[in-house]
Amino acid sequence: MRPVRHDERLNTTVYKSECFICNQGCDALVHVRDGTVVRVEGDTSSEVTKGTLCAKGLASKEIAHHPDRLLYPMKRIGDRGEGKWQRITWDEALDTVAGRLRSIERGSGPESIVLATGTNRGWVRYFMRFTNAYGKQWIGPGIAQCFYPRITGQTLVLGGNAMENPHYDATQCMLVWGVNPTNTWPVKGVGMMDARRRGAHMIVVDPVFSEAASKADLWLSLRPGTDTALLLAMLHTIIEEDLYDKGFVERWCHGFDELHKRVAEYAPEKVEQITWVPAETIREAARMYATTKPASITQCLSIDQVADTISTSRCLAMMAALTGNIDVPGGNLITMLRQVPPGPAHSGAAWVTPEQHATRLGSREYPLLAGEACMITPSAHNHAVWKAILTGKPYPVKAVYCHGSNMLLSYANTQMVSEALKKLDFLVVADLFMTETTRMADIVLPAASWMERGSVTQNEQTSIGHFHLQQKTIQRGECRSDITIINELAKRLGFGERMFPTDESYFDFLLQPSGMTFETFKERGDLAFPHVFRKYESEGFRTPSGKVQLYDQKLEALGYDPLPAYREPDESPVSTPDLAKEYPLIITTGGRVPVFRHTELRNIAILREIVPELEASINPETARGFGIGDGDIMIVESPRGSMEAKAHITEGIDPRVIQVPSHWPGMNNVNLLTDNEKCAPMIGSAQLRCQLCRVRTK
Amino acid sequence: MTLPKKILLIDIDSCVRCHACEIACRQEHDLTAETASCWCRVLTVGPRRVAGKLHMDFVPVLCRHCDDPLCASVCPVNAISRTNDGLVLIDETICSGCKVCIYACPYGCISFNELNRTVGHCDQCRGRTEAGLDPACVQHCIGGALQFVRREELGERTSGQHRFLSGRVCYVSSKWKLQGNV
């Protein structure tokens, strides 16, 4: 369809755009009448998302026109957190921000300013460029706990990203690992269910009997945090029973003998003791995945929140490789990165000095996150940042400049985050709504929702052969796109030339490889290019050996195990048996519901109506033992603190485990319980999926 | 009685409780918490053990457009009628807001709109279907559980499956035997 047209039935102007409430990025049609969004629906003409739009996207107009939207810049006039504000102009806001940041830098040094951002909203890579252009370190609540471990792990093995891209159209077997795609990745959810309907096998690994698990042939209910052990036992079975693709392994895998030796330590009988998954079920799952061709793996966030995140993602990539399922139809497809502007030109990595790499907080402890060895854009470790704010060590941090992150809910150990934010000299937050975090700010900047800004996106997790168009459809108050805000601030801070003068000129840059400009792209509407399968046959894998790296010299050189190994969670019945007497249950946090996005959307009435309250899943036997009835409010306690959740009694969870969804506010915030200090090696992931707790009735 | 041309096919095995149908419905018909909010809703059955195996199912519930609608027969002001195409419709301009139909509906599919004091229910997106579009819930169904099919396609689309057809809605499942007519 035309990117802009008139709809006679609704008497609206319809813009072809892209929903970016989550980073699925569904092509959407936005109906506008008199400057108001009256309808948002999936774009059935989209080659990639084919009309899909989830509950969140379908509630978009409620977001755009919500009465509580921030519409003007404001400055704090009461005490921090008191909620007294004064409306100011953009010029005053940005001049104040630039002036304060300059004076803090003069007084406390260049490291005393930390930038912060949240989940990917289409502009987050521009924010990363901004951090490099500014020469400042930055943090995000995901990063070490989301995306970085699983991208890093598979990049070590495969030289790129394939594991985020299961090819459902042709798959005959889906191994769905710790993810519930219909809740969190709508287009993947559609692909998965279409494949299921035409008879593809399905194996789900999840401690919770999820929607996905309820559709599966096999459900492996593992002890939370033992993913790597389970994977090593599956690899053990695949190798011992000769189920691997010998031709592929011989030609394309480096270090098979070493891996073979390593997995010999993980016999299914032994791993049953670790994971609680029966040895025979482990074998059955391994056989089903390895012998049904082609087979795909779907993975997501959960493997980034365990005690050995790099090992987990490496094992998943190795399993796909050993079975010959990489970049083949129906397997996992390698992103065609050459189609987007090259990373360093985009991220401005060349501006980062060796000194900045060395002083970045957490760079020594977590080199794959915060050091020069990081394979994406290096990020500071959040725990080290909070500690620097609170103690002034190794150097003082006095200011945080944040776009789109509700830090008080989305990081582990809320108590520590809260103390740190209170101690800051200066906090700036750009967001759509007044959140727990904006309430703490000195300056609040009103940001544009996806309907109020343009963008060009290529989503390497979901639409690897497609450029999406997002176009501005309405204006709310004085809201500005995050890119505009960043550009205006960069000019005031004196490095405007490192950014782009306008949103559109940045989009032109993104479109360069296609030969289009943003203007011509808006005429055209979208751009898709066909996937090239088995790219490695002509160009090899983009690893040091040009092959799949089962054995990794880079990790060895950094002083780490070159092979994947299981690491017991730092807090568990096995590693801390004394603590487990006091806190006998394993808590897994972070499960998502389909109507909210992380900390967002709980203020949207039609969505909240569907999930009005936080519900924690607990087995009937456990609930009985603690005298808890269905629907009772439970107090959940950990060594860090306590929170409250309504009990959802269900047989779909092991009696030794409870599951508490994350990102709820107030006493429902599960991050009041979570530890942020004991993190996965190499990359610093908080172990949000596997800690200890106890429960009681309120 | 005439037969409807189109049937809403609900494949219970494919519903994933993503709630997209419910929000699509609310948006399409401007339903909020204050107005009638449940023209379409998804119920959860389970998890429960059947023959040692854990099962959980999700059932989208919306107006069946019964062949012989109880709601119409109890309406004291004759605001509810059935079209030639089998669509049971409520005329808001006639409805007196007495709510008798709400109590009469065996499936709980009629809801009261507090704002205009009338009742409402799923009209299978008549405005959209007349413009050649699928109902909003069907277009946005993530699991592929909701499909809008021509009546003559029904046999082929449900072949080998258990099915329960009533009015303009046909439930179907491979997994569970559904009680009812064909």
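**Chat on a predicted two-chain model**

Q: Which residues of helix α20 (residues 414-423) of chain A are buried?
A: In this predicted model, the buried residues of α20(A) are T414(A), M416(A), V417(A), A420(A) and L421(A).

Q: Where do they sit around the axis?
A: On the same side of α20(A), because they cover an arc of only 160° around the axis.

Q: What do they pack against?
A: The buried residues of α20(A) pack against α18, α19 (407-410) and β15 (426-431) of chain A.

Q: Switching to strands. How many residues of β21 (residues 585-589) of chain A are buried?
A: Five of its five, so β21(A) is mostly covered, with a residue counting as buried if 20 or more other C-beta atoms lie within 10 Å of its own.

Q: Which residues are on which side?
A: L585(A), I587(A) and T589(A) are on one side of β21(A). I586(A) and T588(A) are on the other. Both faces are covered.

Q: What about β26 (residues 691-697) of chain A: does β21(A) pair with it in the parallel or antiparallel sense?
A: Antiparallel, over three bridges. Within that pairing, I587(A) has Q691(A) as its bridge partner in β26(A).

Q: And β25 (residues 657-660) of chain A, parallel or antiparallel?
A: β21(A) and β25(A) pair in the parallel sense, over four bridges. There, T588(A) stands opposite Q659(A).

Q: Backbone geometry next. Where are the cis peptide bonds you have for chain A?
A: One joins K293(A) and P294(A), with omega about -15°. Another runs from K393(A) to P394(A), with omega near 0°. Most peptide bonds are trans.

Q: Where does P294(A) lie?
A: P294(A) is in the loop between α13 (279-291) and β13 (295-299) of chain A.

Q: And P394(A)?
A: P394(A) is also in a loop, the one between α18 (382-391) and β14 (399-403) of chain A.

Q: Over to chain B. What is the phi of D30(B)?
A: About 50°, a positive value although D30(B) is not a glycine. Most residues other than glycine have a negative phi.

Q: Is D30(B) buried or exposed, and why?
A: D30(B) is exposed, because it has 9 other C-beta atoms within 10 Å. D30(B) is found in the loop between α1 (20-28) and β2 (40-50) of chain B.

Q: What about the phi of Q124(B)?
A: Phi of Q124(B) is positive too, near 50°, and this residue is not glycine either. Q124(B) is found in the loop between β7 (118-120) and α4 (126-130) of chain B.

Q: Buried or exposed?
A: Q124(B) counts as buried, because it has 25 C-beta neighbours inside 10 Å.

Q: Zooming out, how many helices and strands has chain B?
A: Six helices and 10 strands.

Q: What is its radius of gyration?
A: Chain B has 16 Å. A compact globule of 182 residues would have a value near 16 Å, so the two agree. The C-alpha atoms of chain B fill a box of roughly 50 × 35 × 30 Å along the principal axes.

Q: What share of chain B counts as buried?
A: 43% of its 182 residues.

Conventions
Residues are numbered from 1 along each chain as its sequence is written. Chains are lettered from A and ligands numbered from 1 in the order in which they are written. This is a predicted model: local features need pLDDT of at least 70, side-chain atom pairs count only at pLDDT 80 or more; totals for chains, interfaces and linings use all residues. Helices (H or I, at least four residues) and strands (E, at least two) are DSSP runs, numbered from the N terminus. A residue is buried if 20 or more other C-beta atoms lie within 10 Å of its own, exposed if 12 or fewer, and partly exposed in between; C-beta atoms are placed from the backbone. The radius of gyration is taken over C-alpha atoms; the globule rule is 2.2 Å times the number of residues to the power 0.38. The arc is that of the directions from the helix axis to the C-beta atoms. Two residues are in contact if their C-beta atoms, placed from the backbone, lie within 7 Å. Two strands pair if DSSP finds at least two bridges between them.
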